[in-house]
Amino acid sequence: MSEIIVVTSGKGGVGKTTTTANLGVGFAARGKKVVLIDTDTGLRNLDLLLGLENRIMYDLIDVTEGRVPYKKALVRHKRHESLYLLPTSQTKDKSAVNAQQINSLCSELAKDFDYVIIDCPAGIEQGFQTAISAADTAVVVTIPEISAVRDADKIIGELGRAEKDNIKLIVNRIRPDMVKKGDMLTMDDIDEILSIDCIGQIPDDELVVTSTNRGEPVITNPVSSAGKAYKNIVGRLCGENIPFMEIVPEGFFDKFKKIFKM
Amino acid sequence: MLDAIMKIFGKESKSSKDIARERLRLVLVHDRANISPQLMEVLKDDMIKVISNYMEINERDMEVAFTNDNSSVALVANIPIERMKHSAEFRK
């Protein structure tokens with residue numbers, strides 16, 4: 001059985017693309033056959049986060065407009081051999097592809113892949129509506145800031161209107177030190193406000209930035225707390241019952257371990 | 001500075017997280033119900049129509065707004081009454 005997941009958020013810059021890349025690598029590491037579709041046409045970045053920017057020949061628009069079969073446009077990941085990227089065009093805009101085209105493409109892909117993961121553009125306009133159209137599951141990414149939570153609520157409303165009932169929430173970029181001081185919304189606070197099934201909280205982790213710099217999703221880094229959080233999310237999406245990690249400020253020993261890459 | 005002193009003496013003002021939570025809760029009531037200022041005006045006019053059947057009210061000073069108290073959200077109307085009508089004046 002194949003599953004089509006859309007990763008969305010409303011607000012930009014909260015970690016949709018990072019989440020898409022990490023989920024992709026996470027599922028592939030479990031031996032699943034995965035394809036990631038970037039639908040952020042005109043502002044493509046998923047290729048960069050996966051380190052595949054130099055291997056792109058064709059894009060999503062070439063496929064939806066029938067110039068090439070999708071197999072020709074897929075880019076295989078260097079290290080994770082069951083992970084593929086379908087990049088979008090950097091020169092066209094969101095109107096270049098419509099919901100019907102995404103629907104028929106996804107049903108094609110679902111025959112060949114265990115997971116089809118769609119990276120949605122920010123906003124609630126046509127690009128969003130197109131990206132969510134084929135999905136069975138929607139993963140909503142937010143951060144503990146009022147503007148992002150409000151936008152997440154709006155997105156959840158829009159998903160409901162589109163009859164997408166299987167919605168999961170990820171709270172990204174939590175700062176344990178600020179949570180401890182009572183200066184940051186916690187996953188539980190956001191969970192209560194949005195009343196959506198929460199499948200993960202990801203601590204703010206510098207290693208996300210450094211791994212992005214290298215084009216290697218942080219989930220492959222065994223010392224990263226964010227990487228561990230992503231691994232847990234992949235497990236939960238596979239139906240495993242994994243307890244939530246405690247979000248605690250980094251202790252002296254953790255810093256020591258990171259310095260020496262233990 | 002004052003905040004830091006208050007913290008030491010355990011008289012901490014509300015944490016910024018609690019403020020964020022309250023503000024969010026209130027703004028989401030409006031967002032979810034899709035209540036525009038225009039819709040609030042329509043609601044207010046309807047209330048005036050109904051209440052005027054029973055009493056004379058000061059429409060200009062009337063206030064209708066959402067508030068949130070602890071964990072619940074309420075629609076609070078403050079309607080100054082100028083004169084109660086006699087039961088004979090009630091319109092059915």
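## Core

A nonpolar core here is a set of buried Ala, Val, Leu, Ile, Met, Phe, Trp, Tyr and Cys residues joined through C-beta atoms within 7 Å. Buried means that 20 or more other C-beta atoms lie within 10 Å of a residue's own, exposed means 12 or fewer, and partly exposed is in between, with C-beta atoms placed from the backbone. This is a predicted model, so local features need pLDDT of at least 70 and side-chain atom pairs count only at pLDDT 80 or more, while totals for chains, interfaces and linings use all residues. Residues are numbered from 1 along each chain as its sequence is written, with chains lettered from A and ligands numbered from 1 in the order in which they are written.

The largest nonpolar core runs to 74 residues, and A:V34, A:V35, A:V116 and A:I118 have the most contacts inside it. Take A:V116: once neighbours within four places in sequence are left aside, its contacts (C-beta atoms, placed from the backbone, within 7 Å) are A:S2, A:I4, A:V35, A:I37, A:C106, A:L109 and A:A110.

## The sheet

Helices (H or I, at least four residues) and strands (E, at least two) are DSSP runs, numbered from the N terminus. Chain A has an open sheet of 8 strands with mixed pairing, in the order β3-β4-β2-β5-β1-β6-β7-β8; to pair, two strands need at least two DSSP bridges between them. At the edges stand β3 (75-76) and β8 of chain A, each with a single partner strand, so one side of each has no neighbour in the sheet.

With β3(A) the arrangement is antiparallel, with 2 bridges, and A:V75 is partnered by A:L85. A hairpin of 6 residues links β3(A) to β4(A). As for side chains, A:L83 and A:L85 point one way from β4 (residues 83-86) of chain A, A:Y84 and A:L86 point the other way, and all are buried. In a regular strand the side chains alternate between the two faces of the sheet.

Further along, β1(A) and β6(A) run parallel with 4 bridges between them, and A:V6 finds its bridge partner in A:A138 of β6(A). α9(A) packs on the sheet, where it touches β6, β7 and β8 of chain A, and its direction makes about 145 degrees with that of β7(A). Such angles run from 0 to 180 degrees between N-to-C directions, using axes fitted to C-alpha atoms, for helices over the stretch in contact.

α7(A) has 16 residues and reaches 23 Å from first C-alpha to last, close to the 22 Å expected at 1.5 Å a residue (1.5 Å times one less than the number of residues).

Just after α7(A), A:E163 takes a positive phi of about 60 degrees. A:E163 counts as exposed because it has 6 C-beta neighbours inside 10 Å. A:S195, in the loop between α9 (187-194) and β8 (197-203) of chain A, also has a positive phi, about 40 degrees, without being a glycine. Most residues other than glycine have a negative phi.

## Interface

12 residues of chain B are in contact with 12 residues of chain A. The chain B side divides into 4 nonpolar, 2 polar and 6 charged residues. Here Ala, Val, Leu, Ile, Met, Phe, Trp, Tyr, Cys and Pro count as nonpolar, Asp, Glu, Lys and Arg as charged, and the others, Gly among them, as polar.

Conventions: Two residues are in contact if their C-beta atoms, placed from the backbone, lie within 7 Å.
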